[in-house]
Structure formats: C-alpha cells, structure tokens
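Reader: Could you take me through this model by its sheets, its surface and its backbone, defining each term as you go?

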Amino acid sequence: MGHDHIRYDILAQDALRSVIRKVLTEVAATGRLPGDHHFFITFLTGAPGVRISQHLKAKYAEQMTIVIQHQFWELKVTDSLFEIGLSFSDTPEKLVIPFNAIRGFYDPSVNFELEFDVPLAEEDEAEAEITAYPLDVVSKTEESDTTVSEEKKEGSVVSLDAFRKKQ
C-alpha cells in the first residue's frame with residue numbers, strides 16, 4: 001500500500017468537528033438549545049488556544065468536561081473555536097475552546113456522540129505528530145447503537161451509514 005498523501009484521517013476529523021461547529025453556531029444564533037438537547041463537551045485544558053481561568057486550569061490540569069444546557073451566555077463561534085460563558089460554583093467564567101482541543105461531544109437527549117483522539121500536551125512532539133489525527137470516531141443514534149471505530153491502518157474503509165438519515 002502507498003502512503004496516504006491526502007491524509008483522509010485529518011479530513012474526516014475536520015468534517016466531524018464541523019458538525020459541532022454547525023450545532024453551536026445555530027445555538028449561538030437563537031440563544032437557546034432546541035427541545036431537550038444539551039451537550040457535554042470534553043476538551044484538553046492544555047491544548048494550544050484554550051483559555052480558561054487559572055482556578056479551572058489548576059482543578060482540571062489535563063482535560064475538562066463542560067455541560068451546555070440551561071445557563072450559558074455570550075456563545076460566539078468562529079471557524080476555529082468557540083467562546084462561552086458558564087458558571088462554576090456560582091462563579092462566572094469565560095472559556096475559549098478551539099475545536100481542535102475537543103476530545104468528545106455528547107448529546108444525551110438523542111444519544112449522539114463523537115470522540116476524537118487529541119494528543120495530550122505532554123506527549124513527545126514526534127509521537128504527537130503521528131497520533132494527532134487518527135480516525136477514532138464513535139457515533140451513536142437513538143434508532144441504532146451503531147458504532148463506527150476504525151483503527152489507523154493502511155487501506156481502512158470507513159462506513160458512513162451511521163451518519164446517514166434513517167428513512
């Protein structure tokens with residue numbers, strides 16, 4: 001097998017991150033979540049571009065999961081990141097989270113989940129380059145608990161059936 005010069009793994013990761021970007025953009029436009037939707041977003045606190053308070057950084061040195069549900073404010077979404085105001089123990093905080101720092105996205109109201117393999121900040125540069133974008137995606141929908149998980153290997157085929165709308 002030849003070398004993947006196109007880097008399909010990176011393209012797939014970017015496409016799936018655009019799902020999160022689109023959902024957050026719609027929420028930012030309306031200022032609220034539709035129906036019973038709410039999101040758990042796990043991200044690396046030490047990733048480049050992440051901005052959180054020193055207090056939160058000390059408490060969550062490697063990664064943190066936030067919940068976007070009833071109380072949030074000033075949600076702003078760009079191509080590369082989102083900013084959001086949340087309250088932690090009655091203390092308002094502003095967070096800036098690049099999409100590349102996200103490790104997981106979960107909407108329990110419809111059992112939809114995406115997972116990304118993002119290297120920890122302490123990882124060796126060479127190892128981080130190898131593991132920065134392996135295809136490791138999990139998608140679950142209410143109609144089926146289809147799991148798509150492909151190991152990074154030459155000639156892998158990824159089924160997109162899990163992402164297609166059921167008829």
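Author: Helices (H or I, at least four residues) and strands (E, at least two) are DSSP runs, numbered from the N terminus. Residues are numbered from 1 along each chain as its sequence is written, and side-chain values use heavy atoms, with hydrogens and water left out. This is a predicted model, in which local features need pLDDT of at least 70 and side-chain atom pairs count only at pLDDT 80 or more, while totals for chains, interfaces and linings use all residues.

Reader: In the segment before helix H1 (8-30), where Arg-7 is found, what is the phi of Arg-7?

Author: Arg-7 belongs to the segment that precedes helix H1 (8-30). With a relative accessibility of 27%, Arg-7 counts as partly exposed, a class lying between buried (under 20% relative accessible area) and exposed (over 50%), with a 1.4 Å probe and protein chains only. Its phi is positive although the residue is not glycine, with a value near 65 degrees.

Reader: Is Glu-74 buried or exposed?

Author: Glu-74 lies in strand E3 (residues 73-77), and its phi, near 50 degrees, is a positive value in a residue other than glycine. The relative accessible area of Glu-74 is 58%, and the residue is therefore exposed.

Reader: In what order do the four strands of the open sheet with E1 stand?

Author: Strands pair if DSSP finds at least two bridges between them. Six bridges join E1 to E2 in antiparallel fashion, and four bridges join E1 (residues 39-44) to E6 (residues 102-107), again antiparallel. The open sheet has antiparallel pairing and the order E2-E1-E6-E7. Strand E2 (63-68) and strand E7 (112-115) each have a single partner strand, so one side of each has no neighbour in the sheet, and the strands at the edges are E2 and E7.

Reader: Which residue in E6 is the bridge partner of Phe-43?

Author: E1 is mostly covered, since five of its six residues are buried. For Phe-43, the bridge partner in E6 is Ile-102.

Reader: What angle does the direction of H1 make with that of E3?

Author: E3 belongs to an open sheet of three strands, in the order E3-E4-E5 with antiparallel pairing. Three bridges join E3 to strand E4 (residues 81-88), and in E4 the bridge partner of Val-77 is Phe-82. H1 packs on this sheet and touches E3 and E4, where contact means heavy atoms within 4.5 Å. With axes as lines fitted to C-alpha atoms, for helices over the stretch in contact, and angles running from 0 to 180 degrees between N-to-C directions, the angle between H1 and E3 is about 135 degrees.

Reader: How far apart in space are Ser-18 and Phe-99, C-alpha to C-alpha?

Author: Ser-18 lies in helix H1 and is partly exposed, with a relative accessible area of 29%. Ser-18 and Phe-99 are 81 residues apart in sequence, and their separation in space, C-alpha to C-alpha, is 8.7 Å.
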